Amino acid sequence: MSEKIPYPCVILCGGKSSRMGEDKSLLRVDDKNLTLYQYEKMSKIFNQVFISSKKDKFHQENLALILDEDLNNYSPLIALNSILKHFKNTYVFILSVDSPNISKESIYKLFYHLKSQNILLASTKKHKHYLCGFYHSKNFEKTMQFLQENNHKLAFFCDTMKAEFIEFENENEFANLNYFNEYKKWLYEKNNTNSLFI
């Protein structure tokens with residue numbers, strides 16, 4: 001059994017969820033919400049797991065929260081800025097709450113490829129997955145500069161910071177639950193097959 005990854009993991013839960021029609025982070029999974037589902041899963045892989053959000057909407061004493069400093073605007077770069085400010089001289093694994101299929105094996109593969117990159121992210125043939133990978137906290141000053149320039153494009157930020165990518169084969173493993181029918185389909189598959197990545 002692999003030892004736990006020594007870097008912190010932060011699960012992003014502060015999005016608008018406009019396409020879902022309700023807050024993704026509070027969608028029910030078994031007897032808990034999606035945030036707790038992801039938290040419990042990541043806690044088996046990382047020593048420390050934090051939740052990134054705009055407010056405490058979870059009311060769970062055991063959740064360590066990192067709250068966005070900008071409460072009026074929504075973008076992953078705002079969350080990333082608040083997260084990287086929270087840490088010093090470390091990598092941080094960033095994961096969106098709506099990506100529940102990520103496997104332990106893939107996370108460890110990313111971890112084992114860390115050398116001295118600014119950013120190391122997952123990619124598949126169709127997509128680059130900017131919210132699945134390791135960001136070094138030294139990127140904080142650059143995130144702050146981007147936000148001061150009102151530039152919220154995470155893809156452009158990663159390009160500027162020369163992010164590196166590890167390609168994975170399985171597109172489904174990195175799928176996001178953007179729409180309610182995708183969530184219902186995922187829930188059905190989770191409860192009725194053994195094919196999901198745990």
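This is a predicted model: local features need pLDDT of at least 70, side-chain atom pairs count only at pLDDT 80 or more; totals for chains, interfaces and linings use all residues.

Biologist: Let us begin with the cysteines. How many disulfides does the structure hold?

Modeller: A disulfide needs two cysteine sulfur atoms within 2.5 Å. For C9, the nearest cysteine sulfur belongs to C132 and is 9.4 Å away, so C9 is in no disulfide. C132 is in no disulfide either, its nearest cysteine sulfur being that of C9. The number of disulfides in the structure is zero.

Biologist: Is C132 buried or exposed?

Modeller: The cut-off for buried is under 20% relative accessible area. C132 has 3% relative accessibility, so C132 counts as buried.

Biologist: Now the annotated positions. Which residue does the side chain of D98 meet in a polar contact with another side chain?

Modeller: D98 is among the positions that an unreviewed UniProt entry marks as "binding site". D98 lies in the loop between β6 (91-96) and α3 (104-112), and counts as buried at 5% relative accessibility. Leaving out residues up to four places away in sequence, D98 touches K24, L34, A175, N176, L177 and N178. The polar contact of its side chain, at 2.5 Å, is with the side chain of S96.

Biologist: Where does D68 lie, and is D68 buried or exposed?

Modeller: The UniProt "binding site" feature also includes D68. D68 is found in the loop between β5 (64-67) and α2 (76-86). Its relative accessibility is 8%, so D68 counts as buried.

Biologist: On to the rings. How are F46 and F93 arranged, stacked or edge-to-face?

Modeller: The whole structure has 17 aromatic pairs. In the pair of F46 and F93, the ring centres are 5.2 Å apart and the planes are at 25 degrees. Planes under 30 degrees apart count as stacked, so the arrangement of F46 and F93 is stacked.

Biologist: How many residues apart in sequence are the parts that this pair ties together?

Modeller: F46 sits in the loop between α1 (34-43) and β4 (49-53), while F93 belongs to strand β6.

Terms used. Residues are numbered from 1 along each chain as its sequence is written. Side-chain values use heavy atoms; hydrogens and water are left out. Buried means under 20% relative accessible area, exposed over 50%, partly exposed in between (1.4 Å probe, protein chains only). UniProt positions are given in the numbering used here, feature names are shortened, and annotations may be inferred rather than shown by experiment. Helices (H or I, at least four residues) and strands (E, at least two) are DSSP runs, numbered from the N terminus. Contact means heavy atoms within 4.5 Å. A polar contact is a pair of N or O atoms within 3.5 Å; within protein, one must be able to donate a hydrogen and the other to accept it, and residues adjacent in sequence count only if both atoms are side-chain atoms. Rings of Phe, Tyr and Trp (its six-membered ring) pair if their centres lie within 6.5 Å; planes under 30 degrees apart count as stacked, over 60 as edge-to-face and the rest as tilted.
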